[in-house]
Amino acid sequence: MATLTQAPPVAPPPAPEKRPPRRRGRWTPYLLLLPGLLWLLVFFALPVIYQASTSVQTGSLEQGYEVTWHFATYWEALSEYWPQFVRSVLYAASATVLCLLLGYPLAYLIAFRAGRWRNLIMILVIAPFFTSFLIRTLAWKTILADGGPVVDALNALHVLDVTAWLGWTAGDRVLATPLAVVCGLTYNFLPFMILPLYTSLERIDPRLHEAANDLYAKPSTTFRRVTFPLSMPGVVSGTLLTFIPASGDYINSDLLGSTDTRMVGNVIQSQFLRILDYPTAAALSFILMAAILAIVTLYIRKSGTEDLV
Amino acid sequence: MEQYEPDRLSPAQEAAVRRSFRNGRAALTRRSLLRASTGGALAVGGLGALSACGIPAAGNTQGGVPAEDHSKEEKSVSFSNWTEYMDVDETGRQHPTLEAFTERTGIEVKYTEDINDNTEFFGKIKPQLAAGQDTGRDVIVLTDWLAARLIRLGWVQKLDPANLPNAFANLSPQFRSPDWDPGRAYSYPWQGIATVIAYNKKALDGIEVKTLSDLLDNPKLKGRVGLLTEMRDTMGLTLLDMGKEPEKFTADDFDAALARLQRAVDKGQVRRFTGNDYTADITKGDFAACVAWAGDVVQLKADNPDIDFLIPDSGYMMSSDNLLVPNKARHKTNAERLIDYYFEPRAAAELAAYINFVCPVEGVKDELAKIDEDAANNPLILPDKAMQAKSRAFRSLSSKEETEFEEKFAKLTGA
C-alpha cells in the first residue's frame, strides 16, 4: 500500500481525439468472432455436452433416463462392438489411400498440365456434388450389379478369384462385399482429396521445377525433392478430409455392403434409432470421436505439418 | 519500511503490457482462443450441467390428453402422412379424395407428407409429446409397433365411436382387434402391409421356391437372398416357417428363429438385409428371391413381368399403418370425421386403386371394379377369404422385450 501512495503521479491520458479509432479496433475481432462462437456453442458444444451426459445415463424410454455415472457403458460398448471399430478404421484408411493414389495424379494434371482444360476438369471433379450422396451411392449398385458388364469383365479376367481369395469379395460378385464398400467410400470422398491437393500444387511456383531441372535433377527427383514436399499441406488436409468423414460413414456400408461389412456408424444408427439404447449410442459416438482424434493427432505429429492444417 | 519489489514496472510500462494482451498479436492466437473456448465449455458444461440433462420419463398419462376441441370454429384438420401414400390427380398437385372430403364437409385439410421413417418421425414428435405440447398435427399415420408404443406411452387420444360409424361398420375383420389396441379404441388402419416372398423368375432360372426355408437353405441361391431389416417382418415369416405362432411366441422361440437365420447368414446364403431399397436388387436380379412388401410387389410386377410373389403355406405377415390423433390436437372431431370418411367404400376404393396396398375396408370390391378391374381381383389389394385366412400378425412387445429383440436382431444384421 505504501508503494502505491508514493508512486509518481500517472501521466495524463492521451488526447481524446486519438481514442475512437483505437477503441473500435480493439473490439472488432471479438465482434466478428461472435456469430461463429455462438454457432459453435449452440451446434457443437451443447450437443457434445448433451451426448456426454447421455452416455453416462441409465434408464429406459418409459422410466426416463438419469445420470448415474455408469461409465461401464463405454467398456461394454467397446468390448461388444470393437470389430466394427476396427473395420471402420480399416475401410476408411483403405479408402483414403485409394483416394490419394487416384487423386494425386489428377490434381497434378489439373495444376500443371491441363492448360485451358483446367476449369472443365475442375467442374467435372465437383459435378457429382450436384446430385445427392444417396443417389450417387445407389448408382454404384447399377454399375456393379451381378451379371453387369463390370462384374462380367472382372470375372472373365479372374480378378474376382484373387479378391475372393483375399477375402475382399465373395463368390463371383462385387456388391455386398468389403470391396464394394471401400470403392463406394473412395468414390464419394475423392473430391475432398483432389481439391486441397490441387490448391497446394497450384501454389507451387513452376520456376522451382525449372530450377531443379537446371540443377540436373531427373523428373523423378524433382517430384521427390521439390513437388511432393511442397504439396504436403494438401496431402495432409486431403487425407484428413477423407479419413474423418469416411470412418463415421454408414450409408456406403448400408447400401453396398452386407452383414459382415457393418461399420461403427451403422451400429450407432441402429442403437439410436432401432434399439433406442441412447447411452450405448452416445458412448459409441464418443469412443469414435476419441479414436479419430487420437489417430489424427498422431498422424499430424508424424507428418510434421502442425502449422499447415 | 518499504517492501523490496524486484523488477517493478513503471505504471506506464504496466499499462503497455496489459494493452498488448488485449490488442497486440498475442491477443488473438488460435491457441489462446482454443484454450479460452475449452475453458468456457468446461465452465458451461461442468459436471453439474452433465448431471442436469437427464431425459425425463417419456410418459405416464393414460388415455391421452385432449386439448380444447376447436373443430367447430376452425374448419380445418392437419394430416401428416408418409410420402406417396395418397391418391393424386393428373396434375400431380391435387388429392381427389381429400378434395371431395373438403367439398362435402367444408373442412379444409392441411395435408403434409412429412413421415419418411417411423423411428425418425418418432424422434421428431417425441419432444413435444413428452412435454405435453401440441405437435400441430391432428392425424398422424404410424406403423403398428410405433402406434402401440404411442398408446402405451399415453401420447394419443381415445377416439369417439359416435364420430366413426363407417369405420366401425366397414373395418375388415382381420384388422379389428390387434392385441396392442383391442377393439380399435385409439387407432384405425390406413392401409395394410402384407409381407410376402418376392422372386425374380429370370434370376431364379427354374429353381423352385415355395417357402422361406427354400430361400435359407437352397445352395443354388447362395448370396442371392434378401431379408428385411424390419425385425417383425423377417422374424415373423421365419417363426411361421418354423411352425411357431407370431401372435404368441416365447423368447425361446425368438432365439431359435434367430439362430436359424444366423446359420443362413454364416453360410453366406443371405446377401443383405435391406430397407425399401430391396426393390432395386430384385429388379436387377441381384436378389433371386427376397422377403418383400406386397404394395411394392404390385408396382414392381407392373413394371417388370419377371417379378412375382408367393405366399408360403405357413402364412404371411400382416401389419398396418394406423391413423392416430396425438395428444393436444386442436381438431379432434374433424380428425375423426376424416378417418371415418376413408372407411366409406367409395373413398377407400379410389385410394386403393391408386396406392396398391392392402385395403382395410370391407365392401370395396364393387366400387374398385368400377375404377380398376385388375386391382379389384388382386389378392394383394383386396385379400380374398383364402388369403385372409393366411394372414398373421406379430404380437405386441413390452418395451423391455422390444429393446432386447431389436438388439439381438441388429446383431444378426451386423450392427
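Helix axes are lines fitted to C-alpha atoms over the stretch in contact, and angles run from 0 to 180 degrees between N-to-C directions. On that basis, helix α13 (residues 264–275) of chain A and helix α19 (residues 399–412) of chain B pack at about 150°, with axes 10 Å apart. This is a predicted model.

- Angles over 145 degrees count as roughly antiparallel. α13(A) and α19(B) are therefore roughly antiparallel to each other.
- The crossing of these two helices, α13(A) and α19(B), is right-handed.
- From α13(A), the contact takes A:S270, A:R274 and A:I275. From α19(B) come B:T403, B:E406, B:E407 and B:A410.
- By class, the contact of α13(A) with α19(B) has two nonpolar, two polar and three charged residues.

**Packing within chain A**

- α13(A) also meets helix α14 (residues 278–303) of chain A. Their axes come within 8 Å and cross at roughly 155°.
- That angle makes α13(A) roughly antiparallel to α14(A).
- The crossing of α13(A) with α14(A) is left-handed.
- α13(A) brings A:V264, A:V267, A:I268, A:Q271 and A:F272 to this contact. α14(A) brings A:Y278, A:T280, A:A281, A:L284, A:S285 and A:L288.
- Eight nonpolar and three polar residues make up the contact of α13(A) with α14(A), with no charged residues.
- Helix α3 (residues 72–113) of chain A crosses α14(A) at roughly 65°, and the axes come within 9 Å.
- α3(A) and α14(A) cross in a right-handed sense.
- On the α3(A) side, the contact is made by A:T73, A:Y74, A:A77, A:L78, A:Y81 and A:F85. On the α14(A) side, the residues are A:P279, A:T280, A:A283, A:L284, A:I287 and A:A291.
- The contact of α3(A) with α14(A) divides into ten nonpolar, two polar and no charged residues.

**Chain B: overall make-up and domains**

- Chain B has 19 helices and ten strands.
- Of the 415 residues in chain B, 43% are buried.
- Take the contacts in chain B with a separation of 6 or more: residues 24 or more positions apart account for 76% of them.
- Chain B is divided into domain 1 (76–192 + 320–381) and domain 2 (193–318 + 399–412).
- The centres of domain 1 and domain 2 of chain B, taken over C-alpha atoms, are 27 Å apart.
- Twelve residues of domain 1 of chain B and nine residues of domain 2 of chain B form the contact.
- On the domain 1 side of chain B that touches domain 2, β4 (187–200) and β9 (316–324) each supply at least two residues.
- That side of domain 1 of chain B has five nonpolar, six polar and one charged residues.

**Chain B: an enclosed helix**

- Helix α10 (residues 231–241) of chain B has eleven of its eleven residues buried, so it is largely enclosed by the rest of the structure.
- The buried residues of α10(B) include the charged-class residues B:R232, B:D233 and B:D241. Also among them are B:M231, B:M235, B:L237, B:L239 and B:L240.
- B:G243 follows α10(B) and has a positive phi, near 80°.

- Most residues other than glycine have a negative phi. Two exceptions follow.
- A:Y216 is not a glycine, yet its phi is positive, about 65°. A:Y216 lies in the loop between α9 (206–214) and α10 (219–230) of chain A.
- A:Y216 counts as exposed because it has 7 C-beta neighbours inside 10 Å.
- B:K328, also a residue other than glycine, has a positive phi near 65°. Its place is in the loop between β9 and α14 (332–341) of chain B.
- B:K328 is buried, as 21 other C-beta atoms lie within 10 Å. The cut-off for buried is 20 or more.

- B:L98 sits in helix α4 (residues 96–105) of chain B.
- With 19 C-beta neighbours inside 10 Å, B:L98 counts as partly exposed.
- Not counting residues up to four places away in sequence, B:L98 touches B:V109 and B:Y111.
- B:L98 and B:P312 are 214 residues apart along the chain, and their C-alpha atoms are separated by 37 Å.

Key
Residues are numbered from 1 along each chain as its sequence is written. Chains are lettered from A and ligands numbered from 1 in the order in which they are written. This is a predicted model: local features need pLDDT of at least 70, side-chain atom pairs count only at pLDDT 80 or more; totals for chains, interfaces and linings use all residues. Domain bounds come from an automatic or database domain assignment. Two residues are in contact if their C-beta atoms, placed from the backbone, lie within 7 Å. Helices (H or I, at least four residues) and strands (E, at least two) are DSSP runs, numbered from the N terminus. Angles under 35 degrees count as roughly parallel, over 145 as roughly antiparallel, 65 to 115 as roughly perpendicular and the rest as oblique. A crossing is left-handed if the near helix is turned anticlockwise from the far one by less than a right angle, and right-handed if clockwise. A residue is buried if 20 or more other C-beta atoms lie within 10 Å of its own, exposed if 12 or fewer, and partly exposed in between; C-beta atoms are placed from the backbone.
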